[in-house]
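Student: I've got a model open and a few minutes. Can you walk me through the fold and the charged pairs?

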Amino acid sequence: MKVMVIVKASKDSEAGVMPSQELLTEMGRFNEELVKAGVMLAGEGLHPSSKGARVHFSGKNRTVVNGPFAETKELIAGYWIWQVKSLEEAIGWVKRCPNPMMQDSDIEIRPIFAAEDFGAAFTPELQQQEQRMRTEIERQKDAK
């Protein structure tokens, strides 16, 4: 199963406070463990919400709201995409992770939908479309 592991933002991360060299080193070691174990598929840190935007949808209307966004507890500072056997395995890895913030912090784990989760609504035509897009994405990555 694939999971998204979400590092929740803090007041410091939203203020643009960069991690220390020590934390970067610890996190680098942890990421290497994930890669060697075949767990990590992707992972990135995110700039503060002050550098981002939200697009609100209401029917056919779209409204853009520029950051920063008020509720730090609802924001994310980074993420990983992992391939694991179970939610319990992902929890085990997160428990080994260095604390990503200089204060108390939270990391959320969310399963990513797989094709079979959509049942009959994910028709063979839609499955073929999905495969074409994934193939094109890989082709573009290889070309870079």
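Tutor: We'll take the overall layout, then the salt bridges. Keep in mind that this is a predicted model.

Student: What is the secondary structure made of?

Tutor: The protein has 4 helices and 6 strands. From the N terminus on, the order is β-α-α-β-β-β-β-α-β-α.

Student: What box do the C-alpha atoms fill?

Tutor: Roughly 50 × 45 × 35 Å, along the principal axes.

Student: How much of the protein is buried?

Tutor: Of its 144 residues, 24% count as buried. The accessible surface is about 10600 Å². Carbon and sulfur atoms make up 54% of that surface.

Student: And what share of the contacts comes from residues 24 or more positions apart?

Tutor: They account for 76% of the contacts with a separation of 6 or more.

Student: Switching to charge. How many positive and negative side chains are there?

Tutor: There are 19 positive and 21 negative ones. The centres of the two sets lie 4 Å apart.

Student: How many salt bridges does the structure hold?

Tutor: It holds 6. One of them pairs R96 with E33, with the closest N and O atoms 2.2 Å apart. That pair links distant parts of the chain. R96 is in helix α3 (residues 87-96), E33 is in helix α2 (residues 21-36), and 63 residues separate them.

Student: Why do side chains like that pair at all?

Tutor: Opposite charges can pair when their charged atoms come close.

Student: Which salt bridge does E130 form?

Tutor: E130 pairs with R134, the closest N and O atoms being 2.9 Å apart. Both lie in helix α4 (residues 124-143), 4 residues apart, which is about one turn of the helix. E130 has a relative accessible area of 27% and is partly exposed. R134 is also partly exposed, at 45%.

Student: What does E138 pair with?

Tutor: K141, with the closest N and O atoms 3.1 Å apart. E138 and K141 both sit in helix α4, 3 residues apart, again about one turn.

Student: Is K141 buried or exposed?

Tutor: Exposed, because its relative accessible area is 52% and the cut-off is over 50%. E138, at 39%, is partly exposed.

Student: Which residues are linked in a network of salt bridges?

Tutor: K8, E108 and R110.

Terms used. Residues numbered from 1 in each chain as written. Predicted model: local features only at pLDDT ≥ 70, side-chain atom pairs only at ≥ 80, totals over all residues. Heavy atoms only, no water. Helix = DSSP H or I, 4+ residues; strand = E, 2+ residues; numbered from the N terminus. Buried < 20%, exposed > 50% of the residue type's maximum accessible area, 1.4 Å probe, protein only. Contact = heavy atoms within 4.5 Å. Areas by Shrake-Rupley, 256 points an atom, 1.4 Å probe, with all protein chains shown as cover. Lys, Arg positive; Asp, Glu negative; His and termini not counted. Charge placed at Lys NZ, Arg CZ, Asp CG, Glu CD. Salt bridge = Lys/Arg side-chain N within 4 Å of Asp/Glu carboxyl O.
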